[in-house]
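Subject: Structure handover

Hello,

Here is the structure for you to look through. My notes follow below it.

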Amino acid sequence: MRKQALISVSDKTGVAQFARSLADLGYHILSTGGTAKLLNAQGIACQEVADYTGFPEMLDGRVKTLDPHIHAGILARRPVAEHMAALAAHGIEPIDIVCVNLYPFEQTIARPDCTFELAIENIDIGGPTMIRAAAKNHESVTVVVDPADYARVIVELKASGAVSAATRLALAKKVFAHTARYDAAISNYLTSLDDQNKRTKKFPDVFTRQWVKVQDMRYGENPHQAAAFYREHNVAPGLIAGYTQLQGKELSYNNIADSDAAWEAVRSFTVPACVIIKHANPCGAAVGASVLEAYKKAFSCDSKSAFGGIIAFNRPVDAATAEEISKQFAEVIIAPAYQVDAVAVFGRKKNLRLLTVANGDSHNDYDFKRVGGGLLIQTPDTQLCSEADLKVVTKKQPTSAQIADMMFAWNIARFVKSNTIVYARDGMTLGVGAGQMSRVDSAKIAAMKAEEFGHSLAGCAVASDAFFPFRDGLDVVVDHGATCVIQPGGSIRDAEVIAAADERGIVMVFTGERHFRH
C-alpha cells in the first residue's frame with residue numbers, strides 16, 4: 001500500500017521543499033489548483049485531486065476535495081479492520097499526511113476594498129473539513145497547518161519512517177486551535193455587519209478572541225491566585241507582549257502588568273523619556289536631552305516610591321545610565337535596546353529583569369475588563385489633544401513654556417489612576433496624586449509628595465484627568481504654587497471654576513477630553 005500525502009495550501013512558504021522531501025521518502029502527492037501548479041513547476045510529481053477522485057472541481061472551486069475518496073482516506077482508522085475493509089471494498093486508499101492551510105480570511109477582510117461578496121468567497125469549506133478530519137484521526141494521520149512544522153515532520157520521517165504519536169497529537173491540537181481562530185474571525189466579521197451587509201458595528205454581536213499561552217506563572221496579583229500569561233498570535237511592533245528578556249528572574253503577573261503601564265507611558269513621548277511605575281501608577285516621569293537626564297529627573301520626583309519599581313525608556317540605554325540605575329533596586333528595566341556596556345553593568349544584578357521591546361506605533365484594538373458574568377470592551381485611550389486644540393478659558397494667556405509644561409503633565413495624567421492630579425515643570429513630574437476618591441485629596445497628596453522630596457511647586461503646571469467639579473480643587477493647587485492648569489472642562493460649574501482661576505490670576509486651558517483610568 002503506497003503512502004500518500006495531500007498538500008493544498010494558501011500560504012506556500014516552504015511547501016515545495018516539504019513536498020520534495022515527502023516525494024523523496026516515497027510519498028504519492030495529491031494536490032489542488034495553485035499548489036499543484038507550483039509543485040509541477042518545481043518538478044515535483046503530484047496528482048490533481050480531481051483526477052484522483054474522478055470527479056471534476058465544480059461550482060467555481062467551491063467543491064474540490066469534498067469527496068469520499070478524500071475523506072474516507074483521511075478518516076479511516078488503520079487499527080480497525082472494518083474501516084480498512086470498507087476502504088478496500090470501495091477502492092479507496094488511505095491518506096497519511098494532510099498538509100493544508102486555509103483561505104486568508106483575516107487578511108481579506110483587513111483590506112480597505114473588501115466587499116461582502118469577497119469576504120464570503122474567502123470562507124474556506126474544504127480546507128477546514130480536511131484538517132478537522134485529519135486531526136480527529138491523529139492516531140493514524142499527520143496533519144500540518146503551519147509551515148514551521150514542516151521540518152519537524154520530515155526529521156521524524158527520516159529518522160524512523162513515521163511521525164510519532166506525540167507529534168501527531170500536538171499537530172492535531174494545533175489544528176483545532178487554528179480552526180477555532182478561523183471560525184472566530186468569520187463570526188466576528190459577520191456579526192459586525194449591518195442590515196446592508198456593511199461593516200459599521202465597532203463591536204460585533206458575538207465576540208470571540210484567541211490568545212496563545214506564553215507561560216504559567218507562579219501566582220497572580222497575590223500568592224493565593226493562579227495565573228498565566230497569554231499573547232496574540234502576531235504581536236505588533238511596539239506592544240509589550242513582544243518583549244525579549246535578556247536576563248533576570250522570570251516575570252511575575254505584576255511585573256508584566258506594571259511593565260505594560262510603564263512602556264505605554266514612555267513610548268507616548270517623542271523625545272528621550274523615562275517613566276518609573278509602581279503599582280500601575282507613575283511615581284516619576286521626565287523627558288530630557290538624554291536618557292540619563294530623563295532618568296535622573298524621573299527618579300528625583302519620588303525616589304522612595306521608585307524603590308522596586310519598573311523603569312522604562314523610549315531610547316537605547318547607555319552604560320552611564322545603567323550605572324546610575326544600578327544605585328537603586330529595580331524589578332524591571334525596559335528599553336528598545338541597550339549598549340553592550342550597559343548590559344554588562346546590569347549583569348552584575350543577576351535577578352534584575354532586563355527587557356527589550358521593539359519601537360512601534362501599534363496599539364491594542366480593544367481594552368477588556370471582566371465583570372461578574374460579563375465583559376466590558378472599549379477602544380484604548382490613545383487620544384491626546386494637540387496644542388492647537390487647547391482652549392484658553394482664562395483672561396491670562398499661557399506662555400510657550402507653560403504650554404509645554406501643561407502638555408507634558410496632560411500626557412502623563414492619562415496614565416495615572418483616577419482621580420488624578422499631576423504637578424509638573426520643565427519636563428518632569430514634581431508630584432503625582434493617584435487613585436483618590438476625592439480630586440481635592442489627590443491634589444493634596446501630590447503636593448505632599450513634592451514637598452517630601454524638596455520640589456518647589458512655584459510656577460508649576462497642573463493636570464487634572466477630569467474636570468474640577470468645584471473651585472476647591474483649583475484653590476488647593478494654586479495655594480501650592482501652580483500658575484497654569486490643564487483640564488477637560490465640561491462641568492456644570494465651569495463658569496465658577498474659570499472665575500476662580502481669573503480671581504487667582506492663573507492660566508487655565510480646557511482640552512475637551514477626559515482621561516479617567518480605573
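Which residues does alanine 228 touch, not counting residues up to four places away in sequence? They are Lys213, Gln215, Asp216 and Met217, where contact means heavy atoms within 4.5 Å.

Before the rest, some background. This is a predicted model, in which local features need pLDDT of at least 70 and side-chain atom pairs count only at pLDDT 80 or more, while totals for chains, interfaces and linings use all residues. Residues are numbered from 1 along each chain as its sequence is written, and side-chain values use heavy atoms, with hydrogens and water left out.

Alanine 228 sits in strand β7 (residues 227–231); strands (E, at least two residues) and helices (H or I, at least four) are DSSP runs numbered from the N terminus. Alanine 228 is partly exposed, because its relative accessible area is 28%. Buried means under 20%, exposed over 50%, and partly exposed in between (1.4 Å probe, protein chains only).

Arginine 267 is in the loop between α11 (253–266) and β9 (273–278). It counts as buried because its relative accessibility is 15%. Its side chain reaches two backbone oxygens: that of glycine 360 at 2.8 Å and that of serine 362 at 2.6 Å. Leaving aside neighbours within four places in sequence, arginine 267 is also in contact with residues including Gly238, Leu239 and Asn314.

On the overall layout, the domain assignment (automatic or from a database) gives domain 1 (4–191), domain 2 (238–357) and domain 3 (389–510). The C-alpha centres of domain 1 and domain 2 are 47 Å apart.

Regards

Note on methods
A polar contact is a pair of N or O atoms within 3.5 Å; within protein, one must be able to donate a hydrogen and the other to accept it, and residues adjacent in sequence count only if both atoms are side-chain atoms.
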